[in-house]
Amino acid sequence: QCQCEAAAPQSKVNKNINDDVTNDNDNNHHHNHRRRILNIQRSRTLRILSTKATQDRTLSSLYNIDWNQTPIGEGAFGHVFMATHIPTGERVALKRIPKKLASREDFQREMEALLRIQKWGGHPHICALHEHFDEGGEGYYYLILDLVE
C-alpha cells in the first residue's frame, strides 16, 4: 500500500465507484510516488558517496593502477582492476563505476549496503569496502575493496 493511501485511507464504497478510473489514477499515483522516492534515495546515495569519499588525497596518490591491464572482473556496474596500496604494498580490488549508473536502483542499494557494512565494521562473508573516491569531473566512482584471490 502506498504511504499516501495509508495516511488517508478511503472507504470501500468510494473505492468501488468508477473502479477503472480509480485504478488508472492509482497506477499513475503509485508510479509518481515511487519515482519521487527513488529520486530522494538517489540524492541521498550521491550525497553520501560525495561526503564520505576519501578527502584530501587522490586515488593516484594512494594506489598504483595500471589502467592498460585487462580487468580482473566485470560486473553490472563496471570493471574491477587490481591495484596496489602505495603505503603498505597491499594488493586490492579497485572497482570503477560510471557515475551515469548512479540513478539505478540496484546501484543505490549496493552502495548503501556497502557503506552501512563499512560503518558497522565489516562482515565476514562480504568483501570490505576500504574507501572510495569521487574525483570530480572524471565521471567515475572508484571503490577500493578486498582483493579475493
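This is a predicted model: local features need pLDDT of at least 70, side-chain atom pairs count only at pLDDT 80 or more; totals for chains, interfaces and linings use all residues.
Residues are numbered from 1 along each chain as its sequence is written, and side-chain values use heavy atoms, with hydrogens and water left out.

Now colour by secondary structure, where helices (H or I, at least four residues) and strands (E, at least two) are DSSP runs numbered from the N terminus. The chain holds five helices and six strands, in the order α-α-α-α-β-β-β-β-α-β-β.

Next, select strand β3, residues 79-85; two strands count as paired if DSSP finds at least two bridges between them. Strand β1 (residues 63-65) runs antiparallel to β3 and is joined to it by three bridges, with A83 as the partner of I65. Strand β2 (residues 73-74) is also antiparallel to β3, over two bridges, and the two form a hairpin with four residues between them. On to strand β4 (residues 91-98), which pairs with β3 in the antiparallel sense over six bridges; here T84 stands opposite R91, and G89 in this hairpin takes a positive phi near 80°.

Finally, select helix α5, residues 105-119. Its buried residues (under 20% relative accessible area, 1.4 Å probe, protein chains only) include F107, M111, L114 and L115. After α5 comes G121, whose phi is positive, near 95°.

Technical notes
The expected span of a helix is 1.5 Å times one less than its number of residues. Buried means under 20% relative accessible area, exposed over 50%, partly exposed in between (1.4 Å probe, protein chains only).
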